[in-house]
Amino acid sequence: MAQWFAAKEQAGSALVFFRMGDFYELFFEDAEAAAEALGLALTHRGEHQGHPIPMCGVPHHSHESYLARLIRRGFRVAICEQMETPEEAKARKSATLRREVVRIITPGTATEEALLDAARPAWLLALVRGGAAWLDVSTGAFHTQDAPEIAALVARLAPAEILTEEGLELEGATPALVPKDAPGRLAEALGVASLEGFGQFSPAESAAAAMAVDYVRGVQNGALPRLAPPMPEGARGVLLLDAATRRSLDILDGPRDASLLAAVDRTLTGAGARELAARLAAPLDDRAAIRARHDAVATLLEDGTRRAGLRAALKGAPDMARALGRLSVERFAPRDLGAIRDGLDRAGRLARLLDGVPPGLLDAAQAPLSALPALAQELARAVATELPARLEEGGTVAPGYDGELDALRRLRDDARGAIAAMQMQLAQAWGVASLKIRHHQQLGYLAEMPAAAGEKLLRAAPPGANGELAPIHRQSMASAHRFTCAALAALDRRLSEAGDQARAREKLVVAHLRRMILAEGDAIAAAAREMAALDVLAASAELASGGGWCRPEIAERPDFAIEAGRHPVVEAALRRARGPAFVPNDCDLSPGQRLCLLTGPNMAGKSTFLRQNALMVILAQAGLYVPARAARIGLVDRLFSRVGAADDLAGGRSTFMVEMTETAAILNQAGPRSLVVLDEVGRGTATWDGLAIATAVLEALHDRIRARTLFATHFHELTRLADGLPEMRLAAMQVREWRGQVVFQHSVAEGAAEKSWGVHVAKLAGVPPTVLKRAAEVLAGLEARAAVGTDPLTAAMPLFAGAPPPPQPPRASPLLEALLALDPDALSPREAHDALYSLKALAAAKEGL
């Protein structure tokens, strides 16, 4: 327990997996937390300060599955291993084995296959003021960025773990220290004198990268996995997507797994799935790079035979990048050596299949894929075909590769064969036909026999049981006795020595193979990257080969013309459900008509139309084909999508506040090369406030920002702006009424919607008939008053009507008032004459009566 307390002090908040023989055991609060999270029985072992010590445990051979569940629940786990054998502890006269914390497993530093998602990277994101760095310990990928938009970067990466410097608050993040002399610290970790050879890094980028590397080294007990040189992200042209846009478009994750990634993923390898997710999360903003990807997809689409061959070679290909990562930290299994061997073999096959392709990405992939034929041949000779689960079991190295190992194995196996001969010899000498030689973990090989035969042997040994065959009693059990003899002990010793020598020799050979692999780590990683990229390109061609997908034309001018476009996710869902065919629609936001005001009822497909056109940009600039008959898309630098209502109750923000915040981001950041998709701006507040805001936003997008825009609304008053906004066109979702029922046609046509059909949608939703009837009556009244120019809301709705004015006293006629005001005694003849004419004039006028 003293060892456990020392390990817990080192581990801090992490749960301590404390190795005790064949189990990892947890104590005190760790045991209580793990028992609840894993559903384990909580028991006790010993006492501390007079109280029982809570304890639970998991088997050593299957601990990874328990680790995976804890890591997914957000726990950090410290592994405390036995660092010596019982024999070594006895040799130094210690009552306990030496134990040490060998590493701390966190969500962003796990390397075990069971702890990782094969299709997603496990990014560790480090954030400092003005800079960010993220790395994947399992593959060695390493990136930095200067002055990132933190929310957008977090949404793009979906990191497994986030580190932040002190004072930079972010929910769920782990505080970490920025090392002094960050550039030097980072250069030392990468084994170089300076970072200049990798590119230009700002001080904030260097600080974030060094913080991430130091954190990894700390949890790995000083060891550092193989890391690729950091790539400054600012040098790459990437389509910018903020967090709200990513949520709106369900790019990588969506409700009920209905995401863009799930709809278009045809990859065959885990590395390919990760690469596809990375391309969809960060589409390009470089026309030449996008066209290069489209060229490669077009080549594979036209050559179905080559594509089929490539996909056959890729199917079941191992994940070399992650196997290389485990080898770099000496936390590998025999299957990781097999993964490198098989992966290099597949890479060579892929390179041969690319012979004769046109210049481009496919042609450039040949050299990295075929760069290591000598290592591939060496591993093919060295690594066994059938591999054990663990290195300790032996059998990793193939027979015939190392002569000394083969000799030790023969000696070991011959000694084992001699066990059968020894068993027969002892059975004859001791006169016990049922004698069996068995191995005991502590006592070695023993001759076991039934209790009756053992009792007889204890009383008197047979004449032949003398010398080296004389029986020595070792153990009595209820139904059997166990004996040994000098000959059996000598055989046990020879067998043990041969086995130990064979294991030691195999360990040396495996270490040699590991060094060979790590020496070519950069070339192996390059081949793994090309295999992943090739998987994505072949999968994209396979997706397009099904029909209805076209190569988008990427233009420099701000065009956007989609012919018969479809929503890939909705279309896939309809196909799975065997529902009706998706209704395609055109969309043209090219110069002269770059702002489309879309009206129509709910349930008619406005949101689907908005999202599908935003997804066209994602797919096209990621290098994939798009679900349309034809597409011409001018390069988009930023994509904004605000579709659907959301609130932030935890942050104290209402739906309308979230909507206005996201709208403000669009108005402040969008530009002429951007694409903006907005749905129902202003719906979260009073009608006239919302209409005023929607009008102002629409005018700003048209006049000042001049972005390509899809703007859906229920404010039909906005359609009147078409007369004053020359580049705005009107479009409406088509609806028909047939036999009292509403039929949504899901098609888009020119013009404005006639009405919103809200009462009909309420009927579809199951609103009670009495409510529907009253709503229809109120609607009819509102529409009638609006037709004659009366304010429909204040005139028809008692809730909005103003208070009636107070009753006024009856007013006398002007003639009578003027007559009563005269004083005849005070008038001069001239004044009397003028007054008479005034009274006569009032009498002649209608107002005076």
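I count a residue as buried when its relative accessible area is under 20%. I'm working from a predicted model here.

**Cysteines**

I started with C550, which comes out at 9% relative accessibility, so I have it down as buried. C485 is buried too, with a relative accessible area of 1%. Next I went looking for disulfides, and the count comes to 0. For C550, I checked which cysteine sulfur is nearest: that of C587, 14 Å away. A disulfide needs the two sulfur atoms within 2.5 Å, and C550 is in none.

**Helix α15 against α20**

I moved on to α15, residues 361–369, and how it packs on α20, residues 521–545. Their axes lie 8 Å apart, at an angle of about 145 degrees. I noted the crossing of the two as left-handed.

Then I listed who touches whom. From α15 I get L362, A365, P368 and L369. On the α20 side they meet A526, A527, E530, M531, L534 and L537. Sorted by class, that contact has 9 nonpolar residues, 1 charged and no polar.

**The buried side of α15**

Which residues of α15 are buried? I find L362, A365, Q366 and L369. Looking down the axis of α15, I see these buried residues fall within an arc of 115 degrees, so they line one face of the helix. L362, A365 and L369 also turned up in my contact list with α20.

Last, I checked what covers the buried residues of α15, and the cover includes α11 (287–302), α14 (334–353) and α20.

Terms used: Residues are numbered from 1 along each chain as its sequence is written. This is a predicted model: local features need pLDDT of at least 70, side-chain atom pairs count only at pLDDT 80 or more; totals for chains, interfaces and linings use all residues. Side-chain values use heavy atoms; hydrogens and water are left out. Axes are lines fitted to C-alpha atoms, for helices over the stretch in contact, and angles run from 0 to 180 degrees between N-to-C directions. Helices (H or I, at least four residues) and strands (E, at least two) are DSSP runs, numbered from the N terminus. A crossing is left-handed if the near helix is turned anticlockwise from the far one by less than a right angle, and right-handed if clockwise. Contact means heavy atoms within 4.5 Å. Ala, Val, Leu, Ile, Met, Phe, Trp, Tyr, Cys and Pro count as nonpolar, Asp, Glu, Lys and Arg as charged, and the others, Gly among them, as polar. Buried means under 20% relative accessible area, exposed over 50%, partly exposed in between (1.4 Å probe, protein chains only). The arc is that of the directions from the helix axis to the C-beta atoms.
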